[in-house]
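Open the model in your viewer and keep the selection panel ready. The tour below goes stop by stop.

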Amino acid sequence: MKAVIIDDEKDSRLILSNYLTKYCPDVTVCGFGESVATGLETIEAHQPDIVFLDIEMPYGNGFDLLEKANSHTFETIFVTAFGNYAIQALNQSAAYYLLKPIDIDELVKAVDKIKVEKANSHYTQHTRVLLENIQNNGHQKIMLPTLEGFEVVPIAKIIYCEAADNFTKFYFEESPPLMICRTLKYFEDVLHPHGFLRIHRSHVINPSFVVRYSKGKGGYVTMKNNQELEVSANKKQELLNLFER
């Protein structure tokens, strides 16, 4: 696979290039960029399979570069020194990212994931979904990893999520449930900025689909699909506050 590295720090570019040469033999580094402008030129010149992209750069950021790119036939691995910088957006789109200083095991894992997924008949490009989310704030989507690949679904269609050991079962407004290969805690963090609330150790709900609340120690909510879910006592007031605004 061909790769380019776009980072305003020369040392970072060289370190990453050396790591790729030594630990990722399937990747050939064919170009570098140090800004949005030179990064776009490098992508256009080399048509890479993978772009290693710093988020924060002079005169723009990595998201600006992606929006300006003429095509998105490549997959993106974001590289950032900021642990919480846009991590919600990246997680939501199942985008790949590495934190500086780069961990070699994480680098190899990200490259291997791209290699495996690109060979999958259900392959969906993460970069494209991330861009759609950036450009369409009101109609954001989430990429959900299944055993067969990924499902891309509108966040607004999720009724609730249910813990199932190390998996999470998603329930939707207009489609069958899906069993997803990540924990409920992971999705609690990803969906919280979109108004979702964890009401119990087993459930994270979309309050837009609550049709009834029944009193009790914590109480129960009835969702639009007629499922009744228990509310933990310590989550009761937070839930009620949503409907008192």
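Buried means under 20% relative accessible area, exposed means over 50%, and partly exposed lies in between (1.4 Å probe, protein chains only). This is a predicted model: local features need pLDDT of at least 70, side-chain atom pairs count only at pLDDT 80 or more, and totals for chains, interfaces and linings use all residues. Residues are numbered from 1 along each chain as its sequence is written, and side-chain values use heavy atoms, with hydrogens and water left out.

**Whole chain**

Start with the cartoon. It shows eight helices and 17 strands. These are DSSP runs numbered from the N terminus: helices are H or I with at least four residues, strands are E with at least two. Of the 245 residues, 45% count as buried.

**Cysteines**

Select Cys161. It counts as buried because its relative accessibility is 0%. Next, Cys181: at 29% relative accessible area, this residue is partly exposed.

**Cores**

Now select Leu16, Leu20, Phe52, Ile77, Leu107 and Val111. They have the most contacts inside the largest nonpolar core, which has 17 residues. Such a core is a set of buried Ala, Val, Leu, Ile, Met, Phe, Trp, Tyr and Cys residues joined through side-chain atoms within 4.5 Å. At least two residues each come from E1 (2–6), H1 (10–23), E3 (50–54), E6 (75–80), E7 (96–99) and H5 (104–118). Helix H5 gives the most, four residues. Another core, of 15 residues, lies apart from this one; Leu144, Ile155, Phe170 and Leu184 are among its members.

Go back to Phe52. Beyond its neighbours within four places in sequence, it is in contact with residues including Ala3, Ile6, Leu16, Val79 and Val111. Contact means heavy atoms within 4.5 Å.

**Surface patch**

Select Leu147, Phe167 and Met179. Together they form a nonpolar surface patch with about 310 Å² of accessible area. Patch residues have over 30% relative accessible area and no salt bridge; like charges are joined within 9 Å, nonpolar side chains (Val, Leu, Ile, Met, Phe, Trp, Tyr) within 5 Å. A salt bridge is a side-chain nitrogen of Lys or Arg within 4 Å of a carboxyl oxygen of Asp or Glu. Areas come from the Shrake-Rupley method with a 1.4 Å probe; for residues, only the protein chains shown count as cover. Leu147 sits in the loop between strands E8 (141–145) and E9 (150–154). It counts as exposed, at 70% relative accessibility.

**Last stop**

Select Ser232, in the loop between strand E17 (228–230) and helix H8 (236–242). Ser232 counts as buried, at 18% relative accessibility. Not counting residues up to four places away in sequence, it touches Ile199, His200, Arg201 and Gly218.
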